[in-house]
Amino acid sequence: MCIVSVIMPCYNAGLYIEQAIKSVLFQTFQNWELLVIDDCSTDNSVEIIKKYEQQDRRIKYFNTEVTSGSPALPRNIGLDNAKGKYIAFLDSDDVWLPEKLQEQLLFIEKKGYLFVYSNYEKISDVGARKKRYIQVRDCVSYKDILRSCDIPCLTTLIDKRLFKDIRFREVVKEDYVAWLEILKLKNVKAYNTGNIHALYREIPFSRSGGILNRIKNQWYVLRNVERINFILASYYLFYFGMKGLVKYLK
């Protein structure tokens, strides 16, 4: 049985997905499966995915019936078909560094944790690296991430048991909402390995948008998803804005 199920949603990622897939293939830890779920791409993404599926039986292709417009449904399809003890997420335009899985597995099993993540580096849309390192909080609880989401989705490694009753919801910041639900309902904490394990690609006009859009989405989650009262939500949003501005400008 594979140890790690890697879930990769895809939509029109033909320019980047080959590099994302190769970053999984080049992992120093090799006991994994890669579930790539295409959301009705109209470019050559499926052709690339199927090429690698034919070359390596650990790579498995899935697809949605209609375009969902969000990574939530593809990730849920991945979760429903995952066979691994641990779940990891990698978007089709991002990249893992070679020792990501190996170092995280050593960390999570040595410490007995259920949920770990790492720091990361920002790269340009063409993959240029300029040492734009993003260091996030060492340990995160539910209350911590109400202020700011310090759990980068592309760096996570999560015990599959935490997803027993949890799936991604069709809302803005669906990964953040999932972390909130796990940390709140499961009463666990997430821990940072302290290493840089992934490269986050900044693409102009991406779904996450600029800082003002991020602030608006954060407010929506605080007020409409978590039902935080206005005063406390305003405090959390101010903290989020200040910290997010520093991260955004890097």
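1. L232, Y235 and Y239 make a nonpolar patch of about 260 Å². Patches here are built from residues with over 30% relative accessible area and no salt bridge, joining like charges within 9 Å and nonpolar side chains (Val, Leu, Ile, Met, Phe, Trp, Tyr) within 5 Å. Accessible areas come from the Shrake-Rupley method with a 1.4 Å probe, and for residues only the protein chains shown count as cover. Y235 sits in helix 8 (residues 230–249); helices (H or I, at least four residues) and strands (E, at least two) are DSSP runs, numbered from the N terminus. Y235 counts as partly exposed at 41% relative accessibility, where buried means under 20% relative accessible area, exposed over 50%, and partly exposed in between.

2. A word on the basis. This is a predicted model, in which local features need pLDDT of at least 70 and side-chain atom pairs count only at pLDDT 80 or more, while totals for chains, interfaces and linings use all residues. Residues are numbered from 1 along each chain as its sequence is written, and side-chain values use heavy atoms, with hydrogens and water left out.

3. Nine of its nine residues are buried, so strand 6 is largely enclosed by the rest of the structure. Two strands pair if DSSP finds at least two bridges between them. Strand 10 (residues 190–201) runs parallel to strand 6 and is joined to it by seven bridges, with R201 as the partner of I123.

4. A salt bridge (a side-chain nitrogen of Lys or Arg within 4 Å of a carboxyl oxygen of Asp or Glu) links E121 and R129, with the closest N and O atoms 2.7 Å apart. E121 is buried, at a relative accessible area of 1%, whereas R129 is partly exposed at 48%.

5. Now the interior. A nonpolar core is a set of buried Ala, Val, Leu, Ile, Met, Phe, Trp, Tyr and Cys residues joined through side-chain atoms within 4.5 Å. The largest one has 44 residues, and F89, F115, I151, F163, W179 and L183 have the most contacts inside it. Helix 6 (174–185) gives the largest share of this core, seven residues. Apart from this core lies another, of 30 residues, including V6 and I48. F115 touches, among others, I151, L162, W179 and L183, not counting residues up to four places away in sequence; contact means heavy atoms within 4.5 Å.

6. Which residues of helix 1 (residues 17–25) are buried? They are I17, A20, I21, S23, V24 and L25. Their cover includes strand 1 (4–10), strand 2 (32–38) and helix 2 (45–55).

7. Finally, the charges. The count comes to 16 salt bridges. E109 pairs with K85, at 4.0 Å between the closest N and O atoms. E109 lies in helix 4 (residues 100–111) and K85 in the loop between helix 3 and strand 4, so this pair ties together parts that are 24 residues apart in sequence.

Note on methods: Buried means under 20% relative accessible area, exposed over 50%, partly exposed in between (1.4 Å probe, protein chains only).
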